[in-house]
Amino acid sequence: MRRKGLHHSILQLRKQSTDAHALPSPSTFPQWAHEPRSFFRFELIHQSSKSSARVGRIHTPHGIIDTPSYVPVATNAVLKGVEFRTLDANVDQDPTGAGAGAGAGVGGGGGGGNGGASTQNGQLVFSNTYHLMLHPGREVIRDAGGLHKFTGRMQPFITDSGGFQVFSLAYGSVQSERSQQSSSRTSESELKRGNTRNVDSKPYWKDTTKDPVQITEEGVTFTSYRDRSEMLLSPELTVDAQKDFGADIIIPLDELPPHHISRSVLEESVQRSHRWEARSLKRHLEDVKDQAMYAVIHGGLDVELRKQSVEYLTSLPFDGYAIGGSLGKERQELKELLAWMMPLFEKGHRKNKPRHLLGIADEESIRNAVTTGIDTLDSCYPTKLGRHGTLMTKHGFLRIKQGKHRRSFGEKIEEGCNCATCQNHDRAYLHHLFKGKEPLAVFLGTQHNLYYMQELMKEIRRDILNDKI
């Protein structure tokens, strides 16, 4: 009898462990959560006849985002070197050329019928939960009235969970040691690719006495780079923080393992991310606060795991989808991944929700991504280039610190560019500012690159409308 009782107890423990790691069924979410939102929606303007590229609008409480769109990264709720108005001044109020009533029969109308959302077009900006939690702290931003009032920018914000930054503490030291063997800086190939989620980065600190990140089912425990205090980032906590921030779009906590892991470890990571994201969604639905939440699709380059991630996460009442995890080491791998995965989002209700590609913003990858149906893409890549004197043009990078620009009097960064930098300064003066390490150089370089990216996306939207791509 005692042996039978022991056997029964072991079975019960195993069952409890299995139940604890079971994925929540879509039926466990409230029915109303599966219904369309009054404050957030994607409006399809035009579907290209040549590819899966599409022009649309994302309606949010703080403005309408024209898509496809590049999303600048304001990590600490600030664009490094420039004010938000430098970015927002170039937002076209009718960039599609389709008129205010365009798409009146699609998703409830053009500017109207958006549940009280502003009809003002806006540029989506990406800020980071991890850094904002450490400073100034979620309570400060909450008491200020949220990110919009805190920054004085009444345009759309998206915030991530902070997971990427936390996991970079675990894998960053290994990556930086490897990269430092060949170069103390980011490789030229990675800069050109613009993949800020895979770029090796120098860690904020190095502690060899223990693992900088400890992963459990509860969440991620890590050491703050500011004061070395131990912190827990759980699915519920990161949602609560983003509620305090008041961003229009929020991202649930997900695990971001390095690309060099076995399939079994990757599969375990994907399933854990699914459980964390489901918990995040349930917490979010307790008090929506007119915020949308995107799921993060995982699976690395594994076809089966990516398909599983799409199937499960799109069955839950998320408002949109972000493509995350390892996206490959080269542009070609990313292109192939999107080519076979993005058609999965054309099925049923999935095609009516926005799709965001995390951490990619080089021009070639953008052009490849939009043809597969990607709507928005974020990266700090263009602004980082601008701060360090690499200026973007239609003919490639212009490295303004090179000596050949010392006497380029009267020559703009690019002829025909209408950004304020090109309208007021020539290459010779910019060369002088960057070589002299003048703070104004950061502003002028970043201003130009942001303008270039906005003009690039306007051109892409026009080409889609004309079925050129």
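Tutor: Gladly! Let us begin with exposure: a residue is buried under 20% relative accessible area, exposed over 50%, and partly exposed in between, using a 1.4 Å probe and protein chains only. Glu-83, at 45% relative accessibility, therefore counts as partly exposed. This is a predicted model, in which local features need pLDDT of at least 70 and side-chain atom pairs count only at pLDDT 80 or more, while totals for chains, interfaces and linings use all residues. Residues are numbered from 1 along each chain as its sequence is written, and side-chain values use heavy atoms, with hydrogens and water left out.

Student: Which residue forms a salt bridge with Glu-83?

Tutor: A salt bridge is a side-chain nitrogen of Lys or Arg within 4 Å of a carboxyl oxygen of Asp or Glu. The partner of Glu-83 is Arg-85, with 2.8 Å between the closest N and O atoms. Arg-85 is exposed, at a relative accessible area of 62%.

Student: How many salt bridges does a search of the whole structure find?

Tutor: The search finds 24. One of them joins Asp-244 and Arg-138, at 2.8 Å from N to O. To place this pair, you need to know that helices (H or I, at least four residues) and strands (E, at least two) are DSSP runs, numbered from the N terminus. Asp-244 sits in helix H8 (residues 235-245) and Arg-138 in helix H4 (residues 138-144), so the bridge links distant parts of the chain, 106 residues apart. Asp-244 is buried, with 12% relative accessible area, and Arg-138 is partly exposed at 22%.

Student: How many of the residues of H8 are buried?

Tutor: Nine of its 11 residues are buried, which leaves H8 mostly covered. Among them are Pro-235, Val-239, Ala-241 and Phe-245. After H8 comes Gly-246, with a positive phi near 75 degrees.

Student: What is the angle between helix H12 and helix H16?

Tutor: Axes are lines fitted to C-alpha atoms, for helices over the stretch in contact, and angles run from 0 to 180 degrees between N-to-C directions. Helix H12 (residues 363-370) packs on helix H16 (residues 439-465) at about 30 degrees, with the axes 12 Å apart. H12 is roughly parallel to H16, because angles under 35 degrees count as roughly parallel, over 145 as roughly antiparallel, 65 to 115 as roughly perpendicular and the rest as oblique.

Student: Which residues make the contact between H12 and H16?

Tutor: Contact means heavy atoms within 4.5 Å. From H12 the contact uses Glu-363, Ile-366, Arg-367 and Val-370, and from H16 the residues include Tyr-452, Met-453 and Leu-456.

Student: And what is Cys-422 in contact with?

Tutor: Leaving aside neighbours within four places in sequence, Cys-422 is in contact with Lys-412, Ile-413, Glu-414, Cys-417 and His-448. Cys-422 is in helix H14 (residues 420-424) and is buried, with a relative accessible area of 3%.
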